[in-house]
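Please keep the structure in view while reading.

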There are 2 protein chains.
Amino acid sequence: MKDFIFYNPTKLIFGKKAMEQIRPNIEAFGRRVLLTYGQGSIKKNGIYDKVVKEIQGLKVEEFGGIESNPRVETLRQALAQYKSFNPDIILAVGGGSVIDGSKLLASSFYYYGDPWDFLVKKVEPKKYVPLGVVLTLSATGSEMNCGAVITKWETHEKKVFVKDELYPKFSILDPQNTFSVSKNQTAYGIIDAFSHVLEQYLHTTVDVPLQDRFSESILLTLIENAPLVLKNPEDYHARANLMLSATMALNNLISIGTNEDWACHSIEHEMSAFYDIPHGAGLAIITPRWMRVVKNQKKKKLIQYGQRIWGLKGTEKRIVDGAIQATDNFFKSLGMKMLLKDWGIGSEHFETMTNRLVGQRIGEKALDKKQIDLILNGCMV
Amino acid sequence: MKDFIFYNPTKLIFGKKAMEQIRPNIEAFGRRVLLTYGQGSIKKNGIYDKVVKEIQGLKVEEFGGIESNPRVETLRQALAQYKSFNPDIILAVGGGSVIDGSKLLASSFYYYGDPWDFLVKKVEPKKYVPLGVVLTLSATGSEMNCGAVITKWETHEKKVFVKDELYPKFSILDPQNTFSVSKNQTAYGIIDAFSHVLEQYLHTTVDVPLQDRFSESILLTLIENAPLVLKNPEDYHARANLMLSATMALNNLISIGTNEDWACHSIEHEMSAFYDIPHGAGLAIITPRWMRVVKNQKKKKLIQYGQRIWGLKGTEKRIVDGAIQATDNFFKSLGMKMLLKDWGIGSEHFETMTNRLVGQRIGEKALDKKQIDLILNGCMV
């Protein structure tokens with residue numbers, strides 16, 4: 001086990017009555033609220049009305065329109081519009097994109113330059129607006145971590161921003177708020193969470209049995225509950241199990257003392273910086289190809305994964321190949337298209353992407369150009 | 001799954017170089033430090049010297065002599081002695097008893113009545129001194145929770161005190177600091193952690209698969225690593241795995257959304273309020289007897305426990321009985337005496353204990369007089 005620091009001060013408020021806790025948790029910070037959300041689904045499914053009712057009487061301004069893969073271009077508009085409002089707290093109502101975008105806003109209210117400066121580490125935020133969350137989609141874990149992924153569409157760059165100050169002060173997780181999430185969006189979220197676990201589990205750090213088992217706990221719970229929600233989107237317990245699993249999948253817990261890897265996410269970030277493919281859909285296609293390319297390096301762990309998650313037996317080769325196939329089958333069972341061309345994506349940007357990825361030295365043991373080529377081209381056939 | 005709130009802001013600093021983090025983490029709160037510790041083992045094993053070296057130059061006062069099952073009588077002395085010192089932070093160096101005692105101190109510095117008032121809920125603390133921890137014993141989890149168990153020896157009362165403000169601000173966990181812990185103390189600690197998990201796992205709440213698996217992860221890791229440290233007390237990775245497991249066993253994580261039970265701890269607290277038996281030793285004797293008494297009520301969960309933890313197969317009865325026997329065998333394998341009479345304990349206080357326990361309505365489904373009698377008398381034969 002490697003040395004580590006674990007710190008996560010987010011207050012998680014979970015369950016059928018969680019929404020009742022919005023107001024007291026906001027008022028702990030003040031009465032001026034900037035409400036942020038995405039492209040309108042919360043107005044259709046009634047969550048917007050519920051939130052507005054809870055915060056009635058407070059001084060509220062709102063900014064809607066934060067898109068999937070949130071763009072700095074959009075967040076600049078929000079800042080221009082509300083800088084003078086001077087909120088005591090930002091309340092992000094949405095999934096990972098809204099939360100991530102709101103984290104950049106929370107960092108930028110007291111800064112007079114361009115928020116992209118934080119992403120390229122030109123400058124550090126000096127002061128932050130507190131952030132609260134009402135989660136509407138189980139996927140990214142942003143509700144209980146201090147990271148944000150922001151895109152600059154102009155230059156097709158997608159960068160990660162991590163600051164201890166960005167842990168949400170509180171996050172409201174009512175599984176009922178995910179009942180109306182579509183099958184596809186539900187599946188993308190499950191795959192994102194599943195991939196978060198794999199990226200923190202398929203390393204070669206030895207002697208981390210508790211962290212390994214915590215990871216396996218999440219994978220098994222995702223696998224068990226995925227078909228239940230796809231069959232019955234209003235299955236409260238299955239939605240609750242997925243929601244909790246996705247949050248635990250990326251709140252620092254399972255990675256403590258380990259190397260981690262994150263190659264698939266790095267590749268997918270490059271992919272969705274060039275092509276507008278949902279993050280989970282990209283991960284589903286990339287992950288099995290990545291596994292094939294690193295299967296010798298990670299043989300021991302892939303065997304453990306095959307045995308404990310998929311119940312595989314037999315020779316080492318049989319278990320490793322079976323584990324990769326089982327992962328592929330699981331994504332297919334969620335309705336995923338497993339080839340890039342099914343998304344109308346060609347290879348025109350692969351060279352640029354490969355060069356960038358080689359420069360970033362992605363993976364536990366950095367992938368070389370040949371390996372990245374193999375993965376990307378593997379996604380075509 | 002039941003509604004829940006999860007909140008745990010303790011910063012866990014773990015590993016071989018964790019001790020280097022003491023000073024910066026203290027200085028975040030000030031320079032006046034009250035150093036608290038137990039009955040002197042840290043002076044023999046060198047930990048005291050290491051800590052003192054790290055905090056050289058700060059304004060330090062110290063109070064040693066906090067005993068196992070810390071007593072309010074002792075803590076009153078500490079307060080009388082150091083109230084005027086007005087510390088910026090208390091640094092507790094020790095195991096659960098030192099940390100629990102220091103939590104009561106942290107609550108009492110700004111109160112002019114008797115600290116026992118907090119235990120009987122006569123009054124609430126208004127202000128707290130921040131607490132930091134250097135852990136020297138893996139057992140209670142107090143390093144990452146906000147509870148304390150305090151004894152009033154005068155009246156043989158043992159009570160629990162829980163306040164959000166009592167989460168340690170930081171806890172230093174260097175597994176090397178547990179190398180010199182004796183075999184018996186190591187075993188008591190493992191049993192305490194094992195029991196913490198069982199108390200949060202052997203409930204009847206349905207649909208909490210992630211919490212169940214997290215619990216099972218800890219149990220399996222304790223079972224695997226216990227014989228390794230008993231064989232080689234300086235096995236770094238095994239000590240690290242036990243330390244992390246004991247912390248995760250009681251930091252709120254595994255109990256979220258569940259009923260919990262806590263009958264064994266309640267019984268053991270009454271026992272060690274009357275008889276001076278180590279907490280872990282008492283739990284080892286009580287737990288299998290308790291399991292026998294509740295085995296019908298908790299049949300489904302005991303089957304899951306038998307199958308997933310002990311790999312048992314066969315009829316339901318065979319699995320349940322086998323699981324109870326396996327638990328008993330595990331404690332024996334750690335060198336535990338499995339009868340109260342082996343500790344020179346007779347039944348003279350059983351009636352008083354039973355009456356108190358019935359009054360407390362202990363357990364997920366409150367145990368009645370007959371059941372408590374069965375458990376206590378079972379501990380004699």
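## Two packed helices

In this predicted model, helix α10 (residues 263-274) of chain A packs against helix α14 (residues 350-360) of chain A at an angle of about 145°, and their axes lie 10 Å apart. The crossing of α10(A) and α14(A) is right-handed.

On the side of α10(A), the contact is made by A:Ser266, A:Ile267, A:Glu270, A:Met271 and A:Phe274, while α14(A) contributes A:Met353, A:Arg356, A:Leu357 and A:Gln360.

## Chain A as a whole

Chain A contains 15 helices and nine strands, and its C-alpha trace spans about 65 × 45 × 45 Å along the principal axes. Because a compact globule of 381 residues would have a radius of gyration near 21 Å, the 20 Å of chain A agrees with that expectation.

Of the 381 residues in chain A, 52% are buried. Among the contacts in chain A with a separation of 6 or more, 78% are between residues 24 or more positions apart.

## Two copies and their axis

Two copies of a chain are related by a rotation about an axis and a shift along it. Here, a rotation of 180° with 0.0 Å of shift along its axis superposes chain B on chain A, with an RMSD of 0.0 Å, and the two copies are therefore related as by a two-fold rotation axis.

In chain B, the C-alpha nearest the axis belongs to B:Pro9, at 2.0 Å from it. Both copies use the same surface, since 100% of the contact residues of chain B recur in chain A.

Technical notes:
Residues numbered from 1 in each chain as written. Chains lettered and ligands numbered in written order. Predicted model: local features only at pLDDT ≥ 70, side-chain atom pairs only at ≥ 80, totals over all residues. Axes fitted to C-alpha atoms, helices over the stretch in contact; angles between N-to-C directions. Helix = DSSP H or I, 4+ residues; strand = E, 2+ residues; numbered from the N terminus. Left-handed = near helix turned anticlockwise from the far one by under 90°. Contact = placed C-beta atoms within 7 Å. Rg over C-alpha atoms; globule rule 2.2 N^0.38 Å. Buried ≥ 20, exposed ≤ 12 C-beta atoms within 10 Å, placed from the backbone. Least-squares fit on C-alpha atoms with pLDDT ≥ 70 in both.
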